[in-house]
Amino acid sequence: MIFLQLFWVYIKIGLFGFGGGYAMLSLIQNEAVNKYNWISLQEFTDVVAISQMTPGPIGINSATYIGYTAVHNAGYSVGLSILGSSIATFAVCLPSFILVLVISYYFNRFKQNRYVEAAFTGLRPATVGLIAAAALLLMNHENFIDYKSFLIFAGAFILTWKFKLHPILMILLAGIAGLVLY
Amino acid sequence: MFRTLFFTFTHIGIFTIGGGYAMLPLIEREVINRGWISKEDFIDLFAMAQSLPGIFAVNIAIFLGYKLKGFWGSFVCAMGTILPSFFIILLIALFFSHIQNDIWVERIFKGLRPAVVALIVVPCINAAKTIGLSWKTAVIAITAALLIWLVGISPVYIIVAAAVGGLIYGLNKKKY
């Protein structure tokens, strides 16, 4: 039952998604690509590109997109695909909702909680690893098809890291590069 | 009031591209200028929203909405943040399945895909810098990355292990 699976997977992503949208990517990929085969790795990369180009948080964007595409790829109608995207988006926010409401109630006690502080000595470095894993998993033959891919990667890296080019401009430039080079 | 909350957050949702952290300056400006929250409280809220799982911008919206108007306030703020992205992406998803195999689109995406990887590497380096990785914590980061990348372990286990490890280490350290 794809709708129940979507709901469950996105609850998990919402509950274990520490460290922001990029750290969430390896979680999403692990579930949506590796475990359930809802979308291919290439489609997943495209989702990330689209999320970076469009307004809003990557977590919401990818949930909406993957929710739609997973149901659509399984052969269901457009209406059911929209239902899928609604379920995924709702599910990814649900744990936040519950946690934030509980914590708002205990606001000050949570703030200087030594257990939370201690857990984060381990969680902080792990989220760096999670982001790195997301990048490493996407460095494959589907995304890097020839030497030109590596040139685009190197150019994009230098422009974003050294020259602080805005991601949306970077995406636009890379799209133009694709049109010119291929 | 609910309407103002909703449209403030829709506004924030529409005008930020490139993830939750890009939303922050806009959220800060909107909610502090309206006198909804003091600068100090906002910094506290920021720290808490960051230490929770889930989507950062949504966490902030829920915290703030709850503080201002209770449960329904948090619901309205969350909806305001989510709905613009939801509808934009839904339109793209509807449209993209028709143009996906177009030769021009395919060429554009051949260029995009390696750039996307670079756009993930950069925040990874930034995150490493922000938390100030030492050689000890770098080992945790590298082990986590390798376990997910090469061994195929679910990131869920990595997160649970990191939190438990941090708890044991952090709580014992304070005794001495």
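## Two loop residues of chain A

Lys164(A) is placed in the loop that joins helix H8 (147-161) to helix H9 (167-181) of chain A; helices here are DSSP runs of H or I with at least four residues, strands are runs of E with at least two, and both are numbered from the N terminus. The phi angle of Lys164(A) is near 50°, a positive value in a residue other than glycine. Lys164(A) counts as exposed, with 8 C-beta neighbours inside 10 Å. A residue is termed buried if 20 or more other C-beta atoms, placed from the backbone, lie within 10 Å of its own, exposed if 12 or fewer do, and partly exposed in between.

Asn37(A) lies in the loop between helix H2 (21-35) and helix H3 (41-53) of chain A. Its phi is near 55°, again positive in a residue other than glycine. Asn37(A) is exposed, with 10 other C-beta atoms within 10 Å. Most residues other than glycine have a negative phi.

## Basis of the model

The model is predicted: local features need pLDDT of at least 70, side-chain atom pairs count only at pLDDT 80 or more, and totals for chains, interfaces and linings use all residues. Residues are numbered from 1 along each chain as its sequence is written, while chains are lettered from A and ligands numbered from 1 in the order in which they are written.

## Helix H7 of chain A

In H7(A), 21 of the 25 residues are buried. H7(A) bends by about 35° at Thr121(A), and Pro125(A) follows within four residues. The bend is the angle between axes fitted to the seven residues ending at a position and the seven starting there.

## Architecture of chain B

Chain B has seven helices and zero strands. An automatic or database assignment gives domain 1 (2-99) and domain 2 (103-173), whose C-alpha centres lie 25 Å apart. Buried residues make up 43% of its 176 residues.

## Contact between the chains

The contact takes 83 residues from chain B and 95 residues from chain A, two residues being in contact if their C-beta atoms, placed from the backbone, lie within 7 Å. On the side of chain B that touches chain A, H5(B) gives the most, with 22 residues.
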